[in-house]
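Hi everyone, thanks for coming. I'd like to walk you through one structure today, so please have a look at the screen.

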Amino acid sequence: MINLSEAFETQNMIQHENLDVRTVTMGISLLDCADNDTEKTCKNIHDKIKRLAGNLRSTAEEISSEFGIPIVNKRISVTPIAIVGSSCCKSTKDYLKIAKTLDSTAKELGINFIGGFSALVSKGMTKGDRLLIESIPSVLSETENICCSVNVGTTKQGINMDAVRMMGQIVVRTAEMTKDTGSYGCAKLVSLCNAPDDNPFMAGAFHGVTEPDAVINVGVSGPGVVKAALEKVHGKSFQVLCDTIKKTAFKITRVGQLVAQEAAKRLNVPFGIIDLSLAPTPAIGDSVADIIHEMGMEQCGAPGTTAALALLNDQVKKGGIMASSYVGGLSGAFIPVSEDQGMINAVKAGALTIEKLEAMTCVCSVGLDMVAVPGDTPASTISGIIADEAAIGMINQKTTAVRIIPVIGHDVGDEYEYGGLMGTAQVMKVNKFSCKEFIERQGRIPAPIHSFKN
Amino acid sequence: MNRTIITAVGKDTPGIIARISTFLDSKKVNILDISQTIVKGFFNMMMIVDAKNMDENFDEFVSQMKDISSELGIDIRCQREDIFDMMHRI
């Protein structure tokens, strides 16, 4: 039977250390919604999402109340729209129409975000893929709740450099079209390498074609809980450090597992995976950078940070894997800059640069995330940054991503407040030397030698 | 059986357990276990209750318990036992 100290430990995590379930995401296949008429496709999409996810929000709120655990976001991920819309969309306007249908459906159901306005183009682009990518700037400036992602590479297929070049231009165009809100559109746009099919976190969530008709994926969080646990073992050996992270990750993931099981049962949709990520928020103490600091770094970004992050990421996985048989998505530690107060402080202090962040992405769960750069950064430089990240992902067989915001009208050292979970962007310095000639080459980077495992 | 854990934390005053127990009785909620401790004048209490015969839904129960919480000036929370079991038991 549960004793007094165990009960209060759980409550302390929730009330004082920001433990929450970051998202309950329902993945919905829209493959059967495709029609050769855009209006009909939009209607099918609206009807199917409403039928399956009509009760998603109320069910999540019910579970949150019964178990006393906050569920911050209720989200939906759908089949990459480039596939769904390929037979009916003849222009970017047709894709925009689908985006608006998704957006209004999200609002109708009280959903925070719909992810899956996506194209998977690691080896090449269909006409539909190209039109979808070209429609992204308009979609992000004319909708509120849509997240866009483009997978530009995989370890098995290499990197599609034509897509990388295009994404640099799309990021810049999106920034310009949403410049009144600090180029906010770019916060909902991510370029990925090795994108997982079952990721519940935005902006990269989509429902892969290998997934069932509908599925519940849950993303847990809890950097504050890990940090509080590490404060209690300050200065102790690496063994104690690792054990503490593992035990804490186990507890956090078990809560996610419980919520996922209940949500799946009540919504009558199969349970997919738990994504055991440490996802920071701008709330004080809910920071991955603060964990790094607690591990012994004066500031996140100091020499040793990559090793500390590697240890953290690995122990989170080892602890979490015991707590759920189905772990997937991105699983690890996120290092979004604007969303993490400790990261922002490190940038302000001059401890954290884009180059150090790039090194950290080799061992964290994703990549360069919510990084603000000067508004006049050339598209080719952004493509270069995307190519670098994709190369790290491709060679190391891991997911990497770039969510970069050229904040139009702002320069190095400026701050822009997005509010909510998106936090405060601190504009960071970008290497001024050009990679234009490299980016302008046509074609793709071949798959690495270690991908040939047949 | 629908086991729920009720925890209460706050400044110790007479009648806290009496007030909570009377309320539980009125809702046909059975107390299975109770433990408490007082640290530096602060009251920490945990009850494990069975809410299977409860008349109303959990949300209403929680919201009425919140009224008692503000009436007594202490923090009372009700959570299904599963969340504690999942976290602390393998």
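Before we start, one definition: two residues are in contact if their C-beta atoms, placed from the backbone, lie within 7 Å. Also keep in mind that this is a predicted model.

Let's begin where the two chains meet. The contact takes 18 residues from chain A and 22 residues from chain B. On the side of chain A that touches chain B, the elements giving two or more residues are helix 1 (4-16), helix 3 (56-67) and helix 9 (238-267) of chain A. Which of these gives the most? That is helix 1 of chain A, with 6 residues. If we sort that side of chain A by class, we find 9 nonpolar, 5 polar and 4 charged residues.

Now over to chain B. Chain B has 3 helices and 4 strands, and from the N terminus on they run β-α-β-β-α-β-α. The radius of gyration of chain B is 13 Å, close to the 12 Å that the globule rule gives for 90 residues, so chain B is as compact as a globular protein of that length. Along its principal axes, the C-alpha trace of chain B spans about 35 × 35 × 20 Å. Of the 90 residues in chain B, 28% are buried. And if we take the contacts in chain B with a separation of 6 or more, 69% of them are between residues 24 or more positions apart.

How are the strands arranged? In chain B, 4 strands form an open sheet in the order 2-3-1-4, with antiparallel pairing. Strand 2 (30-39) and strand 4 (75-80) of chain B are at the edges and have a single partner strand each, so one side of each has no neighbour in the sheet. On average, neighbouring strands of this sheet are turned by 15° against each other, direction ignored.

Let's zoom in on one pair. Strand 1 (residues 3-11) and strand 3 (residues 42-50) of chain B run antiparallel and are joined by 9 bridges. As an example, T7(B) has M46(B) in strand 3 of chain B as its bridge partner.

Last stop: the nonpolar core. The largest one has 175 residues, and those with the most contacts inside it are V152(A), I216(A), V255(A), V259(A) and I404(A). Helix 9 of chain A gives the largest share of this core, 12 residues. What does V152(A) touch, leaving aside its neighbours within four places in sequence? Its contacts include V121(A), I159(A), L192(A) and I386(A).

Technical notes
Residues are numbered from 1 along each chain as its sequence is written. Chains are lettered from A and ligands numbered from 1 in the order in which they are written. This is a predicted model: local features need pLDDT of at least 70, side-chain atom pairs count only at pLDDT 80 or more; totals for chains, interfaces and linings use all residues. Ala, Val, Leu, Ile, Met, Phe, Trp, Tyr, Cys and Pro count as nonpolar, Asp, Glu, Lys and Arg as charged, and the others, Gly among them, as polar. Two strands pair if DSSP finds at least two bridges between them. Axes are lines fitted to C-alpha atoms, for helices over the stretch in contact, and angles run from 0 to 180 degrees between N-to-C directions. The radius of gyration is taken over C-alpha atoms; the globule rule is 2.2 Å times the number of residues to the power 0.38. A residue is buried if 20 or more other C-beta atoms lie within 10 Å of its own, exposed if 12 or fewer, and partly exposed in between; C-beta atoms are placed from the backbone. A nonpolar core is a set of buried Ala, Val, Leu, Ile, Met, Phe, Trp, Tyr and Cys residues joined through C-beta atoms within 7 Å.
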